[in-house]
Amino acid sequence: VLICFFYLIFYLKKIVAPPSLELTSPDDNQVVTSTLITVVGVTEPESDVDINGEAVLIDAQGMFSRQVDLGRGLNTIIIKSKKKYSREQVVKRQILVEK
């Protein structure tokens, strides 16, 4: 009975834990001259990903890529990943556009 109880706790924790979210590009506090940047990353395959509030499609391995328009000056890009019953994982990147 104890083994079943601990297994259920472990499984429930895995369900509600936020998914992993790793960004390959862009780096935080990056300075660019272009107003278009590509956000590339990977998360768990069953997750939903939003970049600045817009849904992004992910492939079977959890990889995603999306081009984002930037304005002059300091821009904040907010990337969120969430599974059906989990908490959100949030990553923020600040990009400075110089012209």
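User: Which side chains meet Arg 66 in a salt bridge?

Analyst: First, the general idea. Side chains of opposite charge can pair when their charged atoms come close. Now the case here, in a predicted model. Arg 66 pairs with Glu 54, at 3.1 Å from N to O. The two link distant parts of the chain. Arg 66 sits in strand E6 (residues 63–69), and Glu 54 in strand E5 (residues 54–56). They are 12 residues apart.

User: Is Arg 66 buried, partly exposed or exposed?

Analyst: Compare its value with the cut-offs. Under 20% is buried, over 50% is exposed, and in between is partly exposed. Arg 66 has 29% relative accessibility, so Arg 66 counts as partly exposed.

User: How many salt bridges does the count come to?

Analyst: Two. One of them joins Lys 83 and Glu 44, with the closest N and O atoms 3.3 Å apart. Lys 83 lies in the loop between E7 and E8, and Glu 44 in the loop between E3 and E4, so this pair ties together parts that are 39 residues apart in sequence.

User: Which label does Lys 83 get, buried or exposed?

Analyst: Buried, because its relative accessibility is 11%. Glu 44 has 23%, so Glu 44 is partly exposed.

User: What does the side chain of Ser 47 reach?

Analyst: The backbone oxygen of Glu 44, at 3.1 Å. Ser 47 lies in the loop between strand E3 (36–43) and strand E4 (48–51). Its relative accessibility is 6%, so Ser 47 counts as buried.

User: What does Ser 47 touch, beyond residues up to four places away in sequence?

Analyst: Read the list by position along the chain. Ser 47 touches Pro 19, Ile 58, Ser 81, Lys 82 and Lys 83. The C-alpha atoms of Ser 47 and Gly 62 are separated by 7.7 Å, with the residues 15 apart along the chain.

User: Where is Ser 86?

Analyst: Ser 86 is in the loop between strand E7 (73–82) and strand E8 (89–97). At 6% relative accessibility, it counts as buried. Its side chain reaches the backbone nitrogen of Lys 83 at 2.9 Å. Leaving aside neighbours within four places in sequence, Ser 86 is in contact with Ile 15, Val 16, Ala 17, Pro 18 and Pro 19.

User: How many aromatic pairs does the count come to, and how is a pair described?

Analyst: The general idea comes first. A pair of aromatic rings is described by the distance of the centres and the angle of the planes. In this model the count is two pairs. Among them are Tyr 7 and Tyr 11, with centres 6.2 Å apart and planes at 15°, so this pair is stacked.

User: Where do Tyr 7 and Tyr 11 lie?

Analyst: Both are in helix H1 (residues 2–16). They are four residues apart, about one turn of the helix. Tyr 7 has 51% relative accessibility, so Tyr 7 counts as exposed. Tyr 11 has 45%, so Tyr 11 counts as partly exposed.

User: Which residues make the nonpolar surface patch?

Analyst: Tyr 7, Leu 8, Tyr 11, Leu 12, Ile 15, Val 16 and Tyr 85 make it. The patch is about 740 Å². Take Leu 8 from that list. Leu 8 is in helix H1. Its relative accessibility is 54%, so Leu 8 counts as exposed.

Technical notes
Residues numbered from 1 in each chain as written. Predicted model: local features only at pLDDT ≥ 70, side-chain atom pairs only at ≥ 80, totals over all residues. Heavy atoms only, no water. Buried < 20%, exposed > 50% of the residue type's maximum accessible area, 1.4 Å probe, protein only. Contact = heavy atoms within 4.5 Å. Polar contact = N/O pair within 3.5 Å; in protein donor to acceptor, adjacent residues only side chain to side chain. Phe/Tyr/Trp six-rings, centres within 6.5 Å; stacked < 30°, edge-to-face > 60°. Patch = residues over 30% accessible without salt bridge, like charges linked within 9 Å, V, L, I, M, F, W, Y side chains within 5 Å. Areas by Shrake-Rupley, 256 points an atom, 1.4 Å probe, with all protein chains shown as cover. Salt bridge = Lys/Arg side-chain N within 4 Å of Asp/Glu carboxyl O.
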